[in-house]
Amino acid sequence: MTDVDTGGRDQLALAVLVQYRMATTEQMHLILSPDVRIEQTRRRLMKLRGEGLIDRITLPQAGRTRVWHPTPYGIQIAGEWPELRGRRPPRGTTDRTAVRLKVGHGLTVTETALAFLQDARRRGDLCRPLDWIPEVHHPLGSGEAVIPDALLYYQRHTADRTTRTHATDGTGGADGGNEDEPDARGGVMLRAFVEVDRATMGPERLAAKLTAYARLHSYAPTPAVRQRQRQRQQPFPEPTQETWRQRYPLFPRLLFVLDGTGPTGVETRISALRAAARGHQLAAFLREVPLLAVPMTDLLQQGPTAPVWRPVHNPDQRVDWMHTRHP
């Protein structure tokens, strides 16, 4: 009998490349079908390439790594699917030169996604490949926006409550304002903004992202003129709601993954984040939003639910990414 799931697997492969922007053959294999031989993934990718849905570039380094990316035709086809509706890749996603120039950061973001996907599989949690969404646009008004490297959706089973409270300093317990959200299926839904930093910008520019996220946390659009006129007629006009509440029940936690530098560089960047977090204008934001940083090497070697994350307000502490304790 014909494998009726073949089309579904092809569809997922294309959807992943459209959403992730780019991935190597090995990354695609681990994202899609880690339980089969990698030759099957290679054949699937070559089939999609033959159909004009995806293409590849070959990196000149040893091993000649192949990096896959969607074509304009592939984006057009996938854009009609409900799971990708409204998610338009940025310009340059399908251009071979643009892919080559962005490959360092793009593959690192994909590798970060893979760390969370593999960890969820080991733990029996729910995090599907399309639960990692790169570059979601969050407007701040006046043409400005916050665009995280990725938005992560993750459902944790409630049977395991220990990881959220584990910390190496013995101060277990969650007393923060951004508590996990119970899911109707019996789990707990978590969301995170993920920033992958490859040390291509100075520590101060990295730390400035905290201010942008704090602005997003408090940003509410200015009411339209007609609305203001109606409010003058009301003794107690309703307050304008922050725009992020239209998308999320809780503001996602903020995770910084630090790559491209050694231990000294990691410490410098965490110190810059901590200095920025001390500003009084960020106090309300930090009371409600967990803010954690981790070296990429620790994330890949031990996994995201290991106590390898450092709360920016207390970098001597070591916690897992589900930690919710605040100062």
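This is a predicted model: local features need pLDDT of at least 70, side-chain atom pairs count only at pLDDT 80 or more; totals for chains, interfaces and linings use all residues.
Close-up 1. Helix 2 covers residues 25–32, and helix 3 covers residues 38–50. They pack at an angle of about 110°. Helix 2 brings Thr-25, Glu-26, Met-28 and His-29 to the contact. Helix 3 brings Ile-38, Thr-41, Arg-42 and Leu-45. By type, the residues of this contact are three nonpolar, three polar and two charged.

**Close-up 2. Thr-24 sits in strand 1.** This strand spans residues 23–24. Is Thr-24 buried or exposed? Its relative accessibility is 11%. Buried means under 20%, so Thr-24 counts as buried. Which residues does Thr-24 touch, not counting those up to four places away in sequence? They are Thr-65, Arg-66, Val-67, Trp-68 and Leu-107.

**Close-up 3. The largest nonpolar core has 49 residues.** Trp-132, Leu-152, Val-194, Trp-309 and Trp-321 have the most contacts inside this core. In soluble globular proteins, nonpolar side chains tend to be buried together.

**Close-up 4. Leu-152 is in contact with residues from several parts of the sequence numbering.** Neighbours within four places in sequence are left aside here. Among its contacts are Phe-116, Cys-127, Asp-131 and Trp-132. Leu-190, Arg-191, Ala-192 and Val-194 also contact Leu-152. So does Trp-321. Two of these partners, Trp-132 and Asp-131, are neighbours in numbering.

**Close-up 5. Met-322 is buried.** Where is Met-322 placed? Its place is in the segment after strand 12 (310–311). The relative accessible area of Met-322 is 0%. Met-322 and Ala-192 are 130 residues apart in sequence. In space, they are 9.5 Å apart, C-alpha to C-alpha.

**Overview. The protein chain has 11 helices and 12 strands.** The chain has 327 residues, and 47% of them count as buried. Its accessible surface comes to about 16,600 Å². Carbon and sulfur atoms account for 49% of that surface.

Definitions and conventions:
Residues are numbered from 1 along each chain as its sequence is written. Side-chain values use heavy atoms; hydrogens and water are left out. Axes are lines fitted to C-alpha atoms, for helices over the stretch in contact, and angles run from 0 to 180 degrees between N-to-C directions. Helices (H or I, at least four residues) and strands (E, at least two) are DSSP runs, numbered from the N terminus. Contact means heavy atoms within 4.5 Å. Ala, Val, Leu, Ile, Met, Phe, Trp, Tyr, Cys and Pro count as nonpolar, Asp, Glu, Lys and Arg as charged, and the others, Gly among them, as polar. A nonpolar core is a set of buried Ala, Val, Leu, Ile, Met, Phe, Trp, Tyr and Cys residues joined through side-chain atoms within 4.5 Å. Buried means under 20% relative accessible area, exposed over 50%, partly exposed in between (1.4 Å probe, protein chains only). Accessible areas come from the Shrake-Rupley method with a 1.4 Å probe; for residues, only the protein chains shown count as cover.
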